[in-house]
Amino acid sequence: MLLATGCAGGSSGGKEKVDGAEALAAALDHGEAAFKDGEYVEAEKAFAEARRLQPDNARAVVAGATCLLKTHHVKAAHDLLTSYLSAHPGDAAARLTLARTYLREADFDAAAVELRKVREADPKNLLALYNLGFIAYRNGQYDEAERALKDAIQVRPEHPEAHYTLGLTYLAQGRSAEAAAELQETARLDPNHVGAHFNLARAAALSGNTALANTERQTFASLSGKSKAETERSEQVKAQSLKAVQALMAEDFEGALREYRALLVRYPDHAPLYNDIGRVQLRLGRRDEALVSLKKAAELDPRLSEPHYLLSNLYRERGDQASADRELRTFATLETIPEGKSGY
Amino acid sequence: MRGLRFTGAVLVALAVFGVTWHGFAAAPGAGAAAAAPAGTKPEVAAAAAVRYTDVTKAAGIDFVHQHGGQGRKYYIETTAAGLCFFDADGDGRQDLYFVQSGPLPGTPRPPGTPLARLYRNRGDGTFEDITVKAGVSNRTGYGSGCTAADYDQDGDVDLYVTNFGPSVLYRNNGDGTFTDVTAAAGVRNGLYAASAAWADYDLDGRPDLYVANYVDFTMNDQKYCGNLQEKRRSYCHPDAYEGLPDILYHNEGNGKFRDVTKTAGIGDPNGKSLGVVWFDFDRDGDDDLYVANDATPNVLYRNDGGTFTDVTLVSGTCCSEDGRPQSGMGVDAADADGDGWQDLFVTNLSNEPNELYRNLDGKGPFATVTYGVGLGEPSLLATGWGTGLYDYDNDGDLDIVVSNGHPMDDIHVVSDLLTYEQKPALYRNDGRGRFQEIGTAAGDVFGIPDVGRGLAIADYDDDGDLDIALNPNNRPGHLWRNDGGSVAGHWISLKLVGTRSNKDALGAFVTLTAGGRRQVREVRSASSYMSQNDMRLHFGLGAATKVDAIEIRWPSKTKTVETIGAQEADRFLVIREGAGVVAALRPGEAKPSGGARR
């Protein structure tokens with residue numbers, strides 16, 4: 001009986017374990033899938049479920065904390081990681097994530113403490129080396145920054161950010177030629193590295209290489225914004241739409257519409273103009289016309305969020321709930337505040 | 001600690017981070033508003049004798065800013081407002097003008113509606129409200145900021161108030177009253193104006209006016225921002241709106257102004273301008289212009305003798321050290337490192353540091369030195385607005401003050417780290433160009449979170465140290481008196497009066513030598529955020545009991561340099577162009593009639 005009970009219990013417990021293991025695996029898989037899709041709230045829910053099933057699950061802790069950082073819950077990530085690390089002080093990934101959390105909290109010294117612990121255990125840990133170099137640079141400890149960044153480059157010679165930060169470190173010390181060399185290496189490894197071109201222009205100017213400085217400034221300008229043609233057109237439209245803006249401020253909607261339509265003759269494929277016209281048409285109660293204008297705006301520039309919001313309202317008014325929901329989803333996606341978006 | 005073990009999570013971490021995540025501190029993340037505990041370091045202890053005291057109520061100031069919001073979260077509710085120190089009645093004392101915003105445009109304004117307020121400085125530490133008599137209430141405007149100068153060269157200081165919608169120019173009648181001359185002067189603007197600043201950019205002896213316009217938001221263009229799923233409406237990010245061109249008005253000398261924006265070579269139609277400062281970065285005798293933009297690149301225009309060249313890219317002052325535009329709010333220019341060249345300090349949004357751009361040699365390039373001098377880490381979590389580079393403890397170097405507060409009143413819902421109300425910050429210069437936030441060591445006022453916006457600096461009580469006034473958003477205004485600054489170090493204050501140059505001497509560049517140290521200052525109108533400081537130049541002298549020499553380059557076409565010999569410290573000097581020192585007063589001594597302006 002005892003054996004049987006034990007077997008039965010064991011059997012039953014085994015099934016629960018199997019079920020538990022399956023549930024855990026499912027939660028982790030779901031979390032990682034959601035993470036890859038950028039659904040961080042959903043992902044964190046899944047990782048939280050995984051932690052409920054197995055509180056010490058390292059994947060659930062580290063990935064969950066990362067999701068919390070992505071959704072601006074920095075203190076929550078901090079608490080999760082410190083609690084976990086008190087029981088698992090040797091988990092390097094958790095410690096690295098905690099260091100990242102300290103950086104988000106602007107506590108560079110605390111981040112460095114965590115990174116040094118990782119480096120002590122693994123002297124070739126790239127993340128620890130690079131970020132220690134980065135923090136030292138930020139703290140104005142240029143010798144220490146140079147050492148750590150060179151160590152990082154030794155581990156991974158093709159690491160663009162290590163070369164970049166080393167370039168900044170040299171630049172801060174007035175070592176323009178060395179800075180230029182590192183920044184050029186960064187640009188070679190990552191031709192679209194905005195900061196590399198921006199600072200290479202500075203380094204070149206400081207070392208008297210005017211030609212390189214000019215070239216790099218042009219590269220920076222082209223990388224950091226719209227194409228020159230786009231920029232010029234946008235500026236032209238902007239300059240010419242002032243009358244429309246003034247009319248709007250005076251609540252002269254017909255006047256604003258006239259101004260925008262006049263501009264449309266000159267810029268027939270400028271999406272924001274259609275959006276502006278759609279908004280004014282809404283103010284004037286011309287909802288059918290607004291629908292056409294806003295659809296055109298969304299078609300010309302799928303990145304414009306506002307037409308989708310306004311379209312959603314229009315579709316809902318017409319009883320087309322499916323289209324309304326679709327437009328609202330598109331709007332919400334475009335409006336999602338990414339981690340680190342300025343100010344948030 | 002036992003050896004670290006690497007789990008499968010490392011792979012997750014690497015996949016998540018890529019191979020670098022400092023970026024979460026650089027572009028985005030990071031910030032700890034509070035620096036090391038105050039009072040623990042020697043330099044903090046040294047400065048502890050100087051403290052700011054909130055004397056608002058005792059001084060008779062009862063201004064409360066109102067943004068007028070009723071929950072619809074109109075974008076304009078987030079940005080205002082500024083304030084200006086200037087001598088409105090010509091008695092030589094610094095009066096104080098608070099800009100009012102609400103009610104929202106289109107809302108009825110019955111009697112009793114809050115208005116802008118002009119407080120006259122009585123000279124005994126208190127102020128009286130003279131708004132109605134003066135006629136500067138900006139009754140119909142949704143106010144942003146202000147700037148003051150004697151644009152018509154009649155010997156009294158006039159006032160320009162920026163609004164969302166038509167801005168207003170008040171001409172000083174010389175008897176304590178003002179007249180709205182906007183229409184005749186042609187400076188209505190009519191757009192969403194933020195800061196404005198006077199300067200005689202073409203050295204013709206008449207102050208011109210630069211108006212920084214922000215975005216194309218109108219009351220009929222309210223966009224939905226926030227979280228739809230949670231039905232939470234928030235204030236929008238500036239990305240939701242397009243920028244607007246700024247305007248440079250040339251003073252024609254007949255009471256009228258002319259829009260010379262294009263012909264002068266100033267044109268940034270996409271800029272979302274908030275802060276502006278005129279300063280002669282290359283010391284060639286004419287004022288250059290720097291504009292802080294919100295979420296678009298900042299711009300530096302070099303003045304080439306009346307027309308301008310955009311030298312932003314050459315200077316590297318457009319953005320972060322990684323070349324990314326930030327959310328420029330307020331700005332000031334002064335020599336932060338004591339090398340004789342004026343540097344730039346720009347306040348930014350949370351998760352971006354307030355940037356210090358070091359002017360290397362006036363030839364063009366600036367270096368972004370923010371983190372290296374200790375200003376990055378402590379400013380990361382805060383959103384900075386009003387600011388000033390000034391010597392709060394009279395030790396001979398320039399410190400930095402910043403008013404803080406997030407634009408979103410529900411930021412705590414979005415982030416568990418950021419807050420709407422934030423503590424102001426005072427960064428003390430250690431004399432070697434490194435800064436430390438000293439928190440409440442400079443007074444309890446620095447421990448009180450607020451929704452900081454406009455900030456202006458003046459020695460309002462004429463006691464030899466610099467006081468601060470603030471105009472927070474939708475909150476009561478403040479006046480903070482500096483207690484101990486004039487004891488901590490000697491000082492001298494210079495009021496310059498132009499004769500060939502414009503009367504305010506806007507653009508005058510002063511090099512002062514005392515105690516073996518050279519300091520530079522420039523006379524300017526507005527800076528900070530929508531605000532204007534006392535135009536007198538205040539120098540902390542440390543232990544020096546006298547000034548050895550004062551060299552003034554006057555802002556006229558001849559760019560005449562006038563040298564003044566040794567002067568006793570702890571004096572208010574009035575220096576008239578071509579005539580030298582015409583008054584030297586100790587604190588408490590009666591001021592010359594009319595403030596020695598005429």
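Author: Happy to! Helices (H or I, at least four residues) and strands (E, at least two) are DSSP runs, numbered from the N terminus. By that rule chain A has 19 helices and zero strands, so the sheet to look at is in chain B. What you see is a predicted model, in which local features need pLDDT of at least 70, side-chain atom pairs count only at pLDDT 80 or more, and totals for chains, interfaces and linings use all residues. Residues are numbered from 1 along each chain as its sequence is written, while chains are lettered from A and ligands numbered from 1 in the order in which they are written.

Now to the sheet. Two strands pair if DSSP finds at least two bridges between them. In chain B, four strands make an open sheet, in the order S33-S32-S38-S39, with antiparallel pairing. S33 and S39 (561-564) of chain B are at the edges with a single partner strand each, so one side of each has no neighbour in the sheet. On average, neighbouring strands here are turned by 15° against each other, direction ignored; the axes behind that angle are lines fitted to C-alpha atoms, for helices over the stretch in contact, and angles run from 0 to 180 degrees between N-to-C directions.

Follow S32(B), residues 509-514, to S33(B), residues 517-522: six bridges join these antiparallel strands. B:Ala514 has B:Arg517 as its bridge partner, and B:Thr513 is opposite B:Arg518. The two strands form a hairpin with two residues between them, and B:Gly515 in the turn has a positive phi of about 55°. S32(B) also pairs with S38(B), residues 549-553, through five bridges in the antiparallel sense. There, B:Val510 faces B:Ile552.

For contrast, take H15 of chain A, residues 253-266. This helix of 14 residues reaches 20 Å from its first C-alpha to its last, close to the 20 Å expected, where the expected span is 1.5 Å times one less than the number of residues. A residue is buried if 20 or more other C-beta atoms, placed from the backbone, lie within 10 Å of its own, exposed if 12 or fewer, and partly exposed in between. In H15(A), the buried residues are A:Ala256, A:Leu257, A:Glu259, A:Tyr260 and A:Leu263. They fall within an arc of 165° seen down the axis, so they line one face of the helix; the arc is that of the directions from the helix axis to the C-beta atoms. On the other side of H15(A), A:Glu254 and A:Val265 are exposed.
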